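Please walk through this model with the viewer open. The stops below say what to select and what is there.

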Amino acid sequence: MSAAAAPSPPGPSSPGPPAFGPPRDGRPAPGGGPDPAPDPASRPAPASAPTADPPGQAAMHVLFCADAAYIQHAAVAARSLLEATGPGPVVIHLMTTADPGENGRMLAETLRPFPHARLEIHPVDGRRLAGAFADRYLTAEAYLRVLAPEVLAAGIGRVIYLDCDLVVL
């Protein structure tokens, strides 16, 4: 899976906020103005029951999207992220259309040495990606990130999306 191009920052040549929009925590949207995010009560509940961030500490939320074959690569990327960052709380989100099965257990085991990290797996019905363009270089799961605002908990203000096939240094 190749890395997707990052959206351009808002400015004169690119109207509007980045792909996932402004923070949903009541802060003003980039460029000022009210937060145009939908009412959190109107969003569907996440597939996995997220737990609250530790009191007084906002966690860094990181999203990986993968099919069954790429969960092992997400484990390497997540571990490298945790080794390269400080001890602050980190929530690793995995959106997948597959039953994570053994690969999901391996991912959880890979993250076990990091007590400040939490794993949340969000299964997504593959039919939601029906009709998405896919070829030998781009899987339908590459589009899962577009569903993140609907799938992740409403209280998450910002999420860092990372491709599975990278190492954080």
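The model is predicted: local features need pLDDT of at least 70, side-chain atom pairs count only at pLDDT 80 or more, and totals for chains, interfaces and linings use all residues. Residues are numbered from 1 along each chain as its sequence is written, and side-chain values use heavy atoms, with hydrogens and water left out.

**Confidence**

Colour the chain by pLDDT, the predictor's confidence in each residue, from 0 to 100. The protein chain averages 78, and 67% of the residues score at least 70. Now select residues 1-48, where the pLDDT is below 50; beyond near neighbours in sequence, this stretch has 65 contacts in the model (a contact is heavy atoms within 4.5 Å). Where pLDDT is low, the predicted coordinates should not be read in detail.

**Salt bridges**

The whole structure has six salt bridges, each defined as a side-chain nitrogen of Lys or Arg within 4 Å of a carboxyl oxygen of Asp or Glu.

Select glutamate 83 and arginine 79, whose side chains form a salt bridge with an N to O distance of 2.9 Å. Both are in helix 1 (residues 71-84), and because they are four residues apart, about one helical turn separates them. Helices (H or I, at least four residues) and strands (E, at least two) are DSSP runs, numbered from the N terminus. Glutamate 83 is exposed at 53% relative accessibility, while arginine 79 is partly exposed at 30%.

Next, select glutamate 120 and arginine 118, paired in a salt bridge at 3.2 Å, N to O. Glutamate 120 is buried at 6%; arginine 118, at 21%, is partly exposed.

Then go to glutamate 150 and arginine 128, where the N to O distance of the salt bridge is 2.3 Å. Glutamate 150 sits in helix 3 (residues 148-151) and arginine 128 in the loop between strand 3 (117-123) and helix 3, so the pair ties together parts 22 residues apart in sequence. Glutamate 150 is partly exposed at 37%, and arginine 128 is partly exposed at 42%.

**Cysteines**

How many disulfides does the structure hold? It holds zero, counting a disulfide as a pair of cysteine sulfur atoms within 2.5 Å. For cysteine 65, the nearest cysteine sulfur is that of cysteine 164, 7.3 Å away, which is too far for a bond. Cysteine 65 is buried, at 1%, and cysteine 164 is buried at 2%.

Technical notes. Buried < 20%, exposed > 50% of the residue type's maximum accessible area, 1.4 Å probe, protein only.
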